[in-house]
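My notes follow as numbered points, so please have the model open beside them.

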Amino acid sequence: MNIKNLLADLPAPAGDEVFEPLVQQADLLLERIVSTGQATPAGDWLEQERHEWVMVVSGRAALRFEGTEAQQVLEPGDYLLIPAGCRHRVEWTDANQPTTWLALHFR
């Protein structure tokens, strides 16, 4: 068993968003997501078949849910559950530092 650090080896800003599976089983995926200023393209919505619990470990980000105008800003340590089928979008992620997410997808 090797100890790993969630905040180690972060990609440089201005690259693509990075999705790294940490644990993967039939109905469960735990992944590290590193965002460097990315957002959901204008007019697009994310909608997933599985529930998604997300936490911002470092950086900052804002989510918006369909039917609402208000953004929900996530700071380090903030987390929430996005139910399966809930249409949402990432309005922004911090462009000045990596935003590291921990995301758990499950049924």
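Is Tyr79 buried or exposed? Tyr79 is exposed, as its relative accessible area is 56%; here buried means under 20% relative accessible area, exposed over 50% and partly exposed in between, with a 1.4 Å probe and protein chains only.

1. Ground rules. This is a predicted model, in which local features need pLDDT of at least 70 and side-chain atom pairs count only at pLDDT 80 or more, while totals for chains, interfaces and linings use all residues. Residues are numbered from 1 along each chain as its sequence is written, and side-chain values use heavy atoms, with hydrogens and water left out.

2. The sheet. Five strands form an open sheet in the order β1-β2-β8-β3-β6, with antiparallel pairing. Strands are DSSP runs of E with at least two residues, numbered from the N terminus, and two strands pair if DSSP finds at least two bridges between them. The edges are held by β1 (18-25) and β6 (79-82), each with a single partner strand, so one side of each has no neighbour in the sheet. On average, neighbouring strands here are turned by 20 degrees against each other, direction ignored; the axes behind that angle are lines fitted to C-alpha atoms.

3. β1 runs antiparallel to β2 (residues 28-35), and seven bridges join them. Pro21 has Glu31 in β2 as its bridge partner.

4. Four bridges link β3 and β6 in the antiparallel sense, and Trp53 stands opposite Leu81 in β6. The covered face of β6 carries Leu80 and Ile82, whereas Tyr79 and Leu81 are on the uncovered one.

5. The aromatic pair. There is one aromatic pair in the structure, where rings of Phe, Tyr and Trp (its six-membered ring) pair if their centres lie within 6.5 Å, and planes under 30 degrees apart count as stacked, over 60 as edge-to-face and the rest as tilted. The ring centres of Trp53 and Tyr79 are 5.4 Å apart and their planes are at 40 degrees, so this pair is tilted. Trp53 belongs to strand β3 and Tyr79 to strand β6, so the pair ties together parts 26 residues apart in sequence. Trp53 is partly exposed, at 25% relative accessibility.

6. The core. Twelve residues make up the largest nonpolar core, including Ile33, Phe65, Leu80, Val90, Trp101 and Ala103; such a core is a set of buried Ala, Val, Leu, Ile, Met, Phe, Trp, Tyr and Cys residues joined through side-chain atoms within 4.5 Å. Two or more residues each come from β3 (51-58), β4 (61-65), β6 and β8 (99-106), and β4 gives the largest share, three residues. Leaving aside neighbours within four places in sequence, Ala103 is in contact (heavy atoms within 4.5 Å) with residues including Leu29, Ile33, Trp53 and Val54.

7. Arg89. Do take a look at this one: Arg89 lies in strand β7 (residues 88-93) and counts as buried at 7% relative accessibility. A polar atom of its side chain is 2.7 Å from the backbone oxygen of Asp44. Not counting residues up to four places away in sequence, Arg89 touches Asp44, Trp45 and Leu63, among others.

8. Leu6. In the segment before β1, Leu6 is partly exposed, with a relative accessible area of 25%. Among the residues that Leu6 touches, not counting those up to four places away in sequence, are Leu22, Val57 and Leu102.

Notes: Axes are lines fitted to C-alpha atoms, for helices over the stretch in contact, and angles run from 0 to 180 degrees between N-to-C directions. A polar contact is a pair of N or O atoms within 3.5 Å; within protein, one must be able to donate a hydrogen and the other to accept it, and residues adjacent in sequence count only if both atoms are side-chain atoms.
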